[in-house]
Amino acid sequence: MFGSFTTVFAMTLLLPFLPLYVAEMGVHGHAAIVQWSGIVFGATFLAAGLTAPLWGRLGDRYGRKSMLVRASIGMAVTMSLMGLTTTIWQLVGLRLLAGLSGGYASGSTILVATQTPKARSGWALGLLSSGIMAGNLLGPLVGGLLPHLIGIRATFFGAGGLIFVAFLASLFLLREPPRVVRAEAARPKASWPEIFANKVVLAMLATGLLLMVATMSIEPIITVYVATLIDDPKRLTFMAGLVMSAAALGSIISASRLGKLADRIGHTTV
(Lines give C-alpha, C1' and ligand atoms only; values in the text may rest on other atoms or scores of the structure.)
Protein backbone atom coordinates (compact mmCIF):
# COMPACT_ATOMS: atom_id res chain seq x y z
CA MET A 1 0.00 0.00 0.00
CA PHE A 2 2.83 2.39 0.89
CA GLY A 3 4.72 1.60 -2.32
CA SER A 4 1.64 2.08 -4.50
CA PHE A 5 0.82 5.33 -2.71
CA THR A 6 4.31 6.78 -3.12
CA THR A 7 4.68 5.92 -6.82
CA VAL A 8 1.22 7.29 -7.74
CA PHE A 9 1.86 10.29 -5.48
CA ALA A 10 5.13 11.04 -7.27
CA MET A 11 3.61 10.65 -10.75
CA THR A 12 0.81 13.13 -10.00
CA LEU A 13 3.01 15.46 -7.96
CA LEU A 14 4.36 17.30 -11.00
CA LEU A 15 1.00 18.02 -12.64
CA PRO A 16 0.32 21.45 -11.07
CA PHE A 17 3.74 22.88 -11.95
CA LEU A 18 4.44 20.95 -15.17
CA PRO A 19 3.78 23.88 -17.54
CA LEU A 20 5.94 26.14 -15.35
CA TYR A 21 8.79 23.62 -15.43
CA VAL A 22 8.42 23.23 -19.21
CA ALA A 23 8.80 27.00 -19.50
CA GLU A 24 11.99 26.78 -17.41
CA MET A 25 13.36 24.34 -20.00
CA GLY A 26 13.41 27.13 -22.59
CA VAL A 27 9.99 26.60 -24.19
CA HIS A 28 8.34 29.94 -24.98
CA GLY A 29 4.87 30.88 -26.13
CA HIS A 30 1.47 29.78 -24.81
CA ALA A 31 0.81 27.22 -27.55
CA ALA A 32 4.28 25.67 -27.35
CA ILE A 33 4.12 25.34 -23.55
CA VAL A 34 0.73 23.63 -23.76
CA GLN A 35 1.88 21.25 -26.49
CA TRP A 36 5.12 20.28 -24.76
CA SER A 37 3.31 19.84 -21.45
CA GLY A 38 1.04 17.32 -23.17
CA ILE A 39 4.02 15.50 -24.70
CA VAL A 40 5.87 15.35 -21.38
CA PHE A 41 2.76 14.17 -19.54
CA GLY A 42 1.80 11.55 -22.12
CA ALA A 43 5.30 10.11 -22.58
CA THR A 44 5.08 8.11 -19.34
CA PHE A 45 1.75 6.53 -20.24
CA LEU A 46 2.90 5.70 -23.77
CA ALA A 47 5.96 3.84 -22.45
CA ALA A 48 3.98 2.17 -19.66
CA GLY A 49 1.33 0.93 -22.08
CA LEU A 50 3.91 -0.59 -24.40
CA THR A 51 5.90 -2.38 -21.68
CA ALA A 52 3.12 -3.48 -19.29
CA PRO A 53 2.64 -6.90 -20.97
CA LEU A 54 6.41 -7.54 -20.76
CA TRP A 55 6.58 -6.77 -17.03
CA GLY A 56 3.51 -8.93 -16.48
CA ARG A 57 5.11 -11.89 -18.23
CA LEU A 58 8.39 -11.44 -16.37
CA GLY A 59 6.43 -11.23 -13.12
CA ASP A 60 4.80 -14.57 -13.89
CA ARG A 61 8.21 -16.08 -14.52
CA TYR A 62 10.44 -14.51 -11.85
CA GLY A 63 8.00 -13.40 -9.17
CA ARG A 64 6.01 -10.28 -8.35
CA LYS A 65 8.37 -9.00 -5.68
CA SER A 66 11.24 -8.68 -8.16
CA MET A 67 9.02 -6.55 -10.40
CA LEU A 68 8.06 -4.27 -7.49
CA VAL A 69 11.72 -3.85 -6.53
CA ARG A 70 12.58 -3.05 -10.16
CA ALA A 71 9.75 -0.55 -10.50
CA SER A 72 10.45 1.27 -7.25
CA ILE A 73 14.20 1.73 -7.78
CA GLY A 74 13.61 2.74 -11.41
CA MET A 75 11.02 5.32 -10.40
CA ALA A 76 13.21 6.65 -7.55
CA VAL A 77 16.14 7.24 -9.92
CA THR A 78 14.16 8.76 -12.81
CA MET A 79 12.11 11.01 -10.54
CA SER A 80 15.26 12.38 -8.89
CA LEU A 81 16.96 12.92 -12.26
CA MET A 82 13.99 15.03 -13.43
CA GLY A 83 15.15 17.63 -10.94
CA LEU A 84 18.45 17.92 -12.84
CA THR A 85 17.12 18.40 -16.37
CA THR A 86 18.14 21.45 -18.37
CA THR A 87 16.39 20.81 -21.72
CA ILE A 88 12.90 19.76 -22.70
CA TRP A 89 14.22 16.66 -24.46
CA GLN A 90 15.88 15.45 -21.28
CA LEU A 91 12.57 15.85 -19.47
CA VAL A 92 10.69 13.91 -22.16
CA GLY A 93 13.32 11.16 -22.11
CA LEU A 94 13.13 10.78 -18.33
CA ARG A 95 9.34 10.68 -18.46
CA LEU A 96 9.64 7.86 -21.00
CA LEU A 97 12.05 6.05 -18.67
CA ALA A 98 9.60 6.54 -15.81
CA GLY A 99 6.94 4.75 -17.85
CA LEU A 100 9.34 1.97 -18.82
CA SER A 101 10.37 1.35 -15.23
CA GLY A 102 6.93 1.83 -13.66
CA GLY A 103 4.11 -0.57 -12.95
CA TYR A 104 4.32 -0.72 -9.16
CA ALA A 105 0.61 -0.21 -8.47
CA SER A 106 -0.54 -2.86 -10.97
CA GLY A 107 2.13 -5.31 -9.78
CA SER A 108 1.17 -4.81 -6.14
CA THR A 109 -2.48 -5.48 -7.00
CA ILE A 110 -1.57 -8.85 -8.52
CA LEU A 111 0.72 -9.69 -5.60
CA VAL A 112 -1.98 -8.93 -3.03
CA ALA A 113 -4.65 -10.79 -5.01
CA THR A 114 -2.55 -13.94 -5.31
CA GLN A 115 -1.15 -14.02 -1.77
CA THR A 116 -4.06 -12.89 0.40
CA PRO A 117 -6.39 -15.56 1.85
CA LYS A 118 -9.59 -15.61 -0.18
CA ALA A 119 -11.73 -14.56 2.79
CA ARG A 120 -9.61 -11.41 3.21
CA SER A 121 -8.80 -10.55 -0.40
CA GLY A 122 -11.64 -8.04 -0.81
CA TRP A 123 -10.52 -6.13 2.29
CA ALA A 124 -6.86 -6.21 1.23
CA LEU A 125 -7.54 -5.05 -2.31
CA GLY A 126 -9.83 -2.32 -1.00
CA LEU A 127 -7.07 -1.11 1.32
CA LEU A 128 -4.59 -1.13 -1.55
CA SER A 129 -7.03 0.80 -3.74
CA SER A 130 -7.39 3.37 -0.97
CA GLY A 131 -3.62 3.90 -1.01
CA ILE A 132 -3.64 4.43 -4.78
CA MET A 133 -6.55 6.86 -4.54
CA ALA A 134 -4.82 8.71 -1.71
CA GLY A 135 -1.77 9.13 -3.95
CA ASN A 136 -3.98 10.59 -6.70
CA LEU A 137 -5.58 12.94 -4.19
CA LEU A 138 -2.52 14.16 -2.27
CA GLY A 139 -0.03 14.24 -5.17
CA PRO A 140 -1.47 17.32 -6.92
CA LEU A 141 -2.17 19.02 -3.58
CA VAL A 142 1.43 18.66 -2.38
CA GLY A 143 2.70 19.46 -5.88
CA GLY A 144 0.78 22.72 -5.70
CA LEU A 145 2.31 23.69 -2.34
CA LEU A 146 5.92 22.50 -2.33
CA PRO A 147 7.38 24.44 -5.31
CA HIS A 148 6.77 27.75 -3.51
CA LEU A 149 8.37 26.40 -0.33
CA ILE A 150 11.41 24.46 -1.56
CA GLY A 151 11.48 24.96 -5.35
CA ILE A 152 10.49 22.72 -8.26
CA ARG A 153 13.78 20.82 -8.49
CA ALA A 154 13.88 20.05 -4.77
CA THR A 155 10.30 18.75 -5.06
CA PHE A 156 11.51 16.15 -7.58
CA PHE A 157 14.35 15.14 -5.25
CA GLY A 158 11.91 14.75 -2.36
CA ALA A 159 9.59 12.57 -4.45
CA GLY A 160 12.52 10.41 -5.54
CA GLY A 161 13.62 10.00 -1.93
CA LEU A 162 10.14 8.94 -0.89
CA ILE A 163 10.02 6.28 -3.60
CA PHE A 164 13.48 5.10 -2.53
CA VAL A 165 12.04 4.40 0.92
CA ALA A 166 9.35 2.33 -0.82
CA PHE A 167 12.13 0.48 -2.67
CA LEU A 168 13.85 -0.39 0.63
CA ALA A 169 10.54 -1.55 2.11
CA SER A 170 9.81 -3.68 -0.97
CA LEU A 171 13.29 -5.20 -0.89
CA PHE A 172 13.49 -6.05 2.81
CA LEU A 173 9.92 -6.32 4.10
CA LEU A 174 7.94 -7.98 1.31
CA ARG A 175 7.71 -11.76 1.40
CA GLU A 176 6.68 -13.92 -1.51
CA PRO A 177 6.30 -17.71 -1.31
CA PRO A 178 8.67 -19.73 -3.51
CA ARG A 179 7.25 -20.13 -6.96
CA VAL A 180 6.17 -23.65 -7.92
CA VAL A 181 6.62 -24.40 -11.61
CA ARG A 182 3.72 -26.45 -12.87
CA ALA A 183 3.14 -27.90 -16.29
CA GLU A 184 0.48 -25.92 -18.07
CA ALA A 185 -2.74 -27.79 -18.53
CA ALA A 186 -3.81 -28.13 -22.13
CA ARG A 187 -6.41 -25.46 -22.69
CA PRO A 188 -7.36 -23.22 -25.60
CA LYS A 189 -5.68 -19.83 -25.46
CA ALA A 190 -7.70 -16.68 -25.79
CA SER A 191 -7.25 -14.94 -29.12
CA TRP A 192 -7.84 -11.39 -30.28
CA PRO A 193 -10.64 -12.41 -32.71
CA GLU A 194 -12.54 -13.99 -29.81
CA ILE A 195 -12.15 -10.84 -27.73
CA PHE A 196 -13.28 -8.52 -30.52
CA ALA A 197 -16.24 -10.79 -31.29
CA ASN A 198 -17.65 -9.94 -27.84
CA LYS A 199 -19.79 -6.80 -28.28
CA VAL A 200 -19.79 -6.00 -24.57
CA VAL A 201 -15.98 -6.07 -24.43
CA LEU A 202 -15.79 -3.90 -27.55
CA ALA A 203 -18.22 -1.40 -26.05
CA MET A 204 -16.21 -1.24 -22.81
CA LEU A 205 -12.94 -0.77 -24.72
CA ALA A 206 -14.47 2.06 -26.77
CA THR A 207 -16.13 3.87 -23.88
CA GLY A 208 -13.09 3.37 -21.64
CA LEU A 209 -10.88 4.91 -24.33
CA LEU A 210 -13.22 7.88 -24.81
CA LEU A 211 -13.46 8.53 -21.06
CA MET A 212 -9.69 8.42 -20.60
CA VAL A 213 -9.12 10.77 -23.56
CA ALA A 214 -11.72 13.18 -22.17
CA THR A 215 -10.38 13.25 -18.62
CA MET A 216 -6.63 12.90 -19.18
CA SER A 217 -6.34 15.31 -22.12
CA ILE A 218 -7.07 18.32 -19.86
CA GLU A 219 -4.60 17.35 -17.11
CA PRO A 220 -1.48 19.00 -18.67
CA ILE A 221 -3.30 22.28 -19.42
CA ILE A 222 -5.30 22.80 -16.20
CA THR A 223 -2.56 25.00 -14.73
CA VAL A 224 -2.50 27.17 -17.86
CA TYR A 225 -6.29 27.51 -17.71
CA VAL A 226 -6.35 28.27 -13.98
CA ALA A 227 -3.83 31.07 -14.64
CA THR A 228 -6.55 32.88 -16.63
CA LEU A 229 -9.02 32.63 -13.73
CA ILE A 230 -6.98 33.96 -10.77
CA ASP A 231 -5.18 37.25 -10.17
CA ASP A 232 -2.42 36.13 -7.76
CA PRO A 233 0.36 34.15 -9.55
CA LYS A 234 1.62 32.88 -6.18
CA ARG A 235 -1.61 30.89 -5.76
CA LEU A 236 -1.45 29.36 -9.24
CA THR A 237 0.09 25.95 -8.51
CA PHE A 238 -1.91 25.51 -5.30
CA MET A 239 -5.24 26.22 -7.02
CA ALA A 240 -4.29 23.99 -9.96
CA GLY A 241 -3.41 21.17 -7.55
CA LEU A 242 -6.73 21.66 -5.78
CA VAL A 243 -8.62 21.37 -9.06
CA MET A 244 -6.74 18.20 -10.03
CA SER A 245 -7.27 16.61 -6.61
CA ALA A 246 -11.02 17.21 -6.84
CA ALA A 247 -11.39 14.39 -9.38
CA ALA A 248 -9.67 11.87 -7.09
CA LEU A 249 -11.77 13.04 -4.15
CA GLY A 250 -14.91 12.54 -6.22
CA SER A 251 -13.81 9.00 -7.04
CA ILE A 252 -13.10 8.21 -3.39
CA ILE A 253 -16.53 9.45 -2.33
CA SER A 254 -18.52 7.80 -5.11
CA ALA A 255 -16.72 4.52 -5.89
CA SER A 256 -18.18 2.27 -3.19
CA ARG A 257 -21.64 3.84 -3.43
CA LEU A 258 -21.76 3.42 -7.19
CA GLY A 259 -20.60 -0.18 -6.76
CA LYS A 260 -23.47 -0.92 -4.41
CA LEU A 261 -25.89 0.85 -6.75
CA ALA A 262 -24.63 -1.21 -9.69
CA ASP A 263 -25.19 -4.42 -7.72
CA ARG A 264 -28.77 -3.34 -7.13
CA ILE A 265 -29.89 -1.84 -10.47
CA GLY A 266 -27.32 -3.32 -12.88
CA HIS A 267 -23.81 -2.40 -14.01
CA THR A 268 -24.91 -1.47 -17.54
CA THR A 269 -27.36 1.12 -16.18
CA VAL A 270 -24.67 2.76 -14.06
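# Close-up views of a predicted model

**View 1. Arg 64 counts as buried, at 14% relative accessibility.** Buried means under 20% relative accessible area, exposed means over 50%, and partly exposed lies in between, with a 1.4 Å probe and protein chains only. This is a predicted model, in which local features need pLDDT of at least 70 and side-chain atom pairs count only at pLDDT 80 or more, while totals for chains, interfaces and linings use all residues. Residues are numbered from 1 along each chain as its sequence is written, and side-chain values use heavy atoms, without hydrogens or water. The side chain of Arg 64 forms a salt bridge with that of Asp 60, at 2.4 Å from N to O. The term requires a side-chain nitrogen of Lys or Arg within 4 Å of a carboxyl oxygen of Asp or Glu. Asp 60 is partly exposed, at 42% relative accessible area. Searching the whole structure turns up one salt bridge.

**View 2. The largest nonpolar core holds 37 residues.** Such a core is a set of buried Ala, Val, Leu, Ile, Met, Phe, Trp, Tyr and Cys residues, joined through side-chain atoms within 4.5 Å. Val 22, Met 79, Met 82, Ile 88, Leu 91 and Phe 156 have the most contacts inside it. Elements that contribute two or more residues include helix H1 (2–13), helix H3 (30–62), helix H4 (64–82) and helix H8 (152–172). Helices are DSSP runs of H or I with at least four residues, strands are runs of E with at least two, and both are numbered from the N terminus. Met 79 is in contact with Ala 10, Met 11, Phe 156, Ala 159, Gly 160 and Ile 163, leaving aside neighbours within four places in sequence. Contact means heavy atoms within 4.5 Å.

**View 3. Helix H5 (88–101) also gives two or more residues to this core.** Its 14 residues should span 20 Å at 1.5 Å a residue, and the end C-alpha atoms are 20 Å apart, which agrees. The expected span is 1.5 Å times one less than the number of residues. Buried in H5 are Ile 88, Leu 91, Val 92, Leu 94, Arg 95, Ala 98, Gly 99 and Ser 101. H1, H2, H3 and H4 are among the elements covering them. Just after H5, Gly 103 has a positive phi of about 100 degrees.

**View 4. Arg 95 is buried, at 1% relative accessible area.** Arg 95 belongs to helix H5. Leaving aside neighbours within four places in sequence, its contacts are Met 11, Leu 14, Val 40, Phe 41, Ala 43, Thr 44, Phe 45 and Met 82. Phe 45 is 50 residues away along the chain, with 8.8 Å between its C-alpha atom and that of Arg 95.

**View 5. Gln 90, also part of helix H5, is partly exposed at 36% relative accessibility.** Not counting residues up to four places away in sequence, Gln 90 touches Leu 84 and Thr 85. Met 25 lies 65 residues from Gln 90 in sequence and 9.3 Å from it, C-alpha to C-alpha.

**View 6. Helix H12 (236–265) has a kink of about 40 degrees, centred on Ser 254.** The bend at a residue is the angle between axes fitted to the seven residues ending there and the seven starting there. At 1.5 Å a residue, the 30 residues of H12 should span 44 Å; the end C-alpha atoms are 42 Å apart, which agrees. Leu 236, Thr 237, Ala 240, Gly 241, Met 244, Ser 245, Ala 248 and Ala 262 are the buried residues of H12. They pack against H2, helix H7 (121–150) and H11. Ala 255, in H12, is partly exposed at 46% relative accessible area. Just after the helix, Gly 266 has a positive phi of about 110 degrees.

**View 7. Val 226, in helix H11, counts as buried at 8% relative accessibility.** Beyond neighbours within four places in sequence, Val 226 is in contact with Leu 236, Met 239, Ala 240 and Val 243.

**View 8. An unreviewed UniProt entry places "transmembrane region" features at residues including 94–113 and 236–255.** UniProt positions follow the numbering used here, feature names are shortened, and annotations may be inferred rather than shown by experiment. Residues 94–113 are 90% helix and 0% strand, with end C-alpha atoms 31 Å apart. Residues 236–255 are 100% helix and 0% strand, with end C-alpha atoms 29 Å apart.
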